[in-house]
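Please read it with the sequence and the coordinates at hand.

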Amino acid sequence: MVRYRKEHKEETRRRILEAAARAYREEGVGGVGIGELMQRIGLTHGGFYAHFDSKDALVAEACDSVRSPLAQRYFEWAEEVGGAEGLRRVIRGYVSRQHRDDPGLGCLMPALAADVSRGAPEVRASFTRSLRRLAAGVARLLPGGRRAEPIAGETAEGAIPDEALVLVSGMVGAVLLSRAVDDPELSDRILLAARRFYTAEFAPEEGTGAAVD
């Protein structure tokens with residue numbers, strides 16, 4: 001019986017985290033309250049506090065532990081081939097209409113950066129860890145084995161080169177802006193221009209095509 005209660009609690013916590021991560025990517029941190037979030041998964045508001053001390057604790061853990069299904073898919077595609085072709089796959093998948101149009105399954109970076117910048121220290125720390133992981137994944141695909149001197153929070157093995165930070169910042173910014181504008185043609189142009197530029201700059205072995213996916 002005790003084992004069942006432990007497993008049930010862990011499963012409920014996972015459901016809350018996944019529901020929160022999706023809701024926050026779609027609606028922002030302020031877009032959905034704890035009561036509404038719990039109602040969406042058939043639980044009571046009071047039950048939330050059996051799993052998390054506060055909303056900030058939930059946001060921090062959602063940022064740190066819940067992976068974007070789309071981003072995970074992009075990196076799985078990349079790992080199939082590795083190197084420059086793998087990096088092209090990441091750029092094309094990330095800077096795409098699919099990612100722009102489905103924030104609930106997308107990366108938390110473009111969805112939550114503005115909210116997190118005004119958030120609690122624990123939320124910003126969690127977001128920072130996620131950014132490091134994303135940049136480290138991109139760094140592993142950079143041609144030429146680029147490395148950097150470690151900075152605070154990095155080991156020598158995990159140091160992130162400037163090129164990876166530039167590429168991640170550019171991809172995140174392109175998706176964010178493509179969602180923000182109200183002109184569909186401009187939105188597509190932002191994606192295509194960014195994808196062409198970053199592919200040519202960081203993985204230039206072949207062209208990127210003329211249409212936005």
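In this predicted model, the cover over the buried residues of helix α8 is provided by elements that include α3 (55-65), α4 (69-81), α5 (83-94), α7 (108-117) and α9 (162-180). The residues of α8 that count as buried are Val123, Ser126, Phe127, Ser130, Leu134, Ala135, Gly137, Val138 and Ala139. Helix α8 itself runs over residues 121-139, 19 residues in total, and spans 26 Å from its first C-alpha to its last, which is close to the 27 Å expected at 1.5 Å a residue.

**The chain as a whole**

- The secondary structure of the protein chain consists of 10 helices and zero strands, and the pattern read along the sequence is accordingly α-α-α-α-α-α-α-α-α-α.
- The protein chain has 213 residues, of which 44% count as buried.
- When contacts between residues at least 6 apart in sequence are considered, 64% of them join residues that are at least 24 apart.

**Packing of α5 against α9**

- Two packed helices are described by the angle between their axes and the distance between the axes.
- For α5 and α9, the packing angle is about 25° and the axes lie 10 Å apart; because angles under 35 degrees count as roughly parallel, α5 is roughly parallel to α9.
- On the α5 side the contact involves Leu87, Val90, Ile91 and Tyr94, which meet Leu167, Met171, Val172 and Val175 on the α9 side.
- Sorted by class, the residues in this contact of α5 with α9 are eight nonpolar, no polar and no charged.

**Aromatic pairs**

- A search of the whole structure returns six aromatic pairs, and one of them joins phenylalanine 48 and tyrosine 49, whose rings are edge-to-face with 5.0 Å centre to centre and 90° between the planes.
- Phenylalanine 48 also pairs with phenylalanine 52, and here the ring centres are 5.5 Å apart with the planes at 25°, so this pair is stacked, given that planes under 30 degrees apart are assigned to that class.
- Taken together, the ring pairs link Phe48, Tyr49 and Phe52 into a cluster.

**Two residues in loops**

- Histidine 51 is located in the loop between α2 (34-40) and α3, and it counts as buried because its relative accessibility of 14% falls under the 20% limit.
- Once residues up to four places away in sequence are set aside, histidine 51 touches Lys9, Thr12, Arg13 and Ile16.
- Valine 181 sits in the loop between α9 and α10 (184-202), where its relative accessible area of 28% makes this residue partly exposed.
- Apart from its neighbours within four places in sequence, valine 181 is in contact with Leu186, Ser187 and Ile190.

Key:
Residues numbered from 1 in each chain as written. Predicted model: local features only at pLDDT ≥ 70, side-chain atom pairs only at ≥ 80, totals over all residues. Heavy atoms only, no water. Phe/Tyr/Trp six-rings, centres within 6.5 Å; stacked < 30°, edge-to-face > 60°. Helix = DSSP H or I, 4+ residues; strand = E, 2+ residues; numbered from the N terminus. Expected span 1.5 Å × (residues − 1). Buried < 20%, exposed > 50% of the residue type's maximum accessible area, 1.4 Å probe, protein only. Contact = heavy atoms within 4.5 Å. Axes fitted to C-alpha atoms, helices over the stretch in contact; angles between N-to-C directions. Parallel < 35°, antiparallel > 145°, perpendicular 65-115°, else oblique. Nonpolar A, V, L, I, M, F, W, Y, C, P; charged D, E, K, R; others polar.
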